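Please keep the sequence and the 3D view at hand while reading.

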Amino acid sequence: MSNNKYKILVVEDDPNITSFIQAVLEANDFQVLTAPLCRQGVLMFSSHNPDLVVLDLGLPDMDGLDFIRQVRQTSMVPILVLSARTEESDKVTALDLGANDYVTKPFGTAELIARVRAALRVTRHSLQAAAPGSIFMVDNLVIDYDRRQVAVGGKLVHLTQTEYNILALLSQHTGKVMTYSAIIRAIWGSMDDGSIKKLQVNMANIRKKLGCRPGDNRYVTNELGVGYRMLDE
Ligand code: CA
């Protein structure tokens, strides 16, 4: 009866948070499996093949980061990390290890559902994005990967090579938070003291050229202290 439902594995040791998440997801027509321990989560992951994992980073038996390392050896399943404010640096590590997104505790129903839906969309996009010669479109922004051209509302935007590379990179990971270090390593190869500043300056120029005023997150949101996320709708 529930064959068409997305199956979500929730790995979380706090029973109150688990039942909250379970209730919210089930009310939104998702099928939910729960595991209170990391090891159990890994086993359930291999036996049930869920469409998405909601993962607490602070688990009693093993680090949530170990779960990501293990699962990413074989699977690109979207992983949504739950982090406490005291786990800020773990959150960044989780994203660098391949988690798709994070929610900081405490979080509400709307935020959780929005992040779950976005993470599930990421999978569909990445399957479609495999076609060569493709064009990326969101809102009135168009990126032509073959010509390395960017247009907003039909008008060509003149980006530097670096600016184009950053925007193209983000557009290939829509919906996913890319950390500063992941972007920097992809664009410049390595990281030094000035790298984050350099990235932020480039990003400010990109936004300006795309016609975004300060605080306008139409295409790219700034995840404070973490990185950037390109929106997919
Ligand atoms: Ca916990």
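The model is a predicted one.

**Sheet S10-S12-S11**

- Three strands form an open sheet in the order S10-S12-S11, and their pairing is antiparallel.
- The edges are held by S10 (177–179) and S11 (220–223); each of these strands has a single partner, so one side of each has no neighbour in the sheet.
- From one strand to the next, the twist averages 30°.
- S11 is joined to S12 (residues 227–230) by four bridges, and the two strands run antiparallel.
- Within this sheet, threonine 221 is placed opposite arginine 229 of S12.
- Helix H6 (residues 161–171) lies across S10, S11 and S12 and runs at about 65° to S12.
- Helix H7 (residues 180–188) also packs on the sheet, where it touches S10, S11 and S12. The direction of H7 makes about 70° with that of S10.

**Sheet S6-S7-S8-S9**

- Four strands form another open sheet, with the order S6-S7-S8-S9 and antiparallel pairing.
- S6 (135–138) and S9 (155–157) are the edge strands; each has a single partner strand, so one side of each is left without a neighbour in the sheet.
- Neighbouring strands here are turned by 25° against each other on average, direction ignored.
- S8 (residues 149–152) pairs with S9 in the antiparallel sense over three bridges.
- Valine 152 has lysine 155, in S9, as its bridge partner.
- H6 packs on this sheet, touching S6, S7 (141–144) and S8, and its direction makes about 105° with that of S7.

**Second largest pocket**

- The volume of the second largest pocket is about 160 Å³.
- Its lining consists of Ala204, Arg207, Lys208, Cys212, Arg213, Pro214, Gly215, Asp216, Asn217 and Asn222.
- Which helix gives the most to the lining of this pocket? That is helix H8 (residues 195–209), with three residues.
- Sorted by class, the lining has four charged, three polar and three nonpolar residues.

**Aromatic pairs**

- The structure holds four aromatic pairs.
- One of them joins phenylalanine 20 and phenylalanine 107. The ring centres are 6.0 Å apart and the planes stand at 50°, so this pair is tilted.
- Phenylalanine 20 lies in helix H1 (residues 15–27), while phenylalanine 107 lies in the loop between strand S5 (101–104) and helix H5 (109–128), so the pair ties together parts that are 87 residues apart in sequence.

**Backbone details**

- Most residues other than glycine have a negative phi, and most peptide bonds are trans.
- Lysine 105 and proline 106 are joined by a cis peptide bond, with omega of about -5°.
- Aspartate 29 is not a glycine, yet its phi is positive, at about 70°.
- Where is aspartate 29 found? Aspartate 29 is in the loop between H1 and strand S2 (31–35).

Methods:
Residues numbered from 1 in each chain as written. Predicted model: local features only at pLDDT ≥ 70, side-chain atom pairs only at ≥ 80, totals over all residues. Heavy atoms only, no water. Pairing = 2+ DSSP bridges. Axes fitted to C-alpha atoms, helices over the stretch in contact; angles between N-to-C directions. Contact = heavy atoms within 4.5 Å. 1 Å grid on protein atoms, 1.4 Å probe; cavity = no way out; pocket = protein on both sides within 12 Å on 5 of 7 lines; lining within 4 Å. Points joined across faces, edges and corners; volume = space filled by probe spheres on them. Nonpolar A, V, L, I, M, F, W, Y, C, P; charged D, E, K, R; others polar. Phe/Tyr/Trp six-rings, centres within 6.5 Å; stacked < 30°, edge-to-face > 60°.
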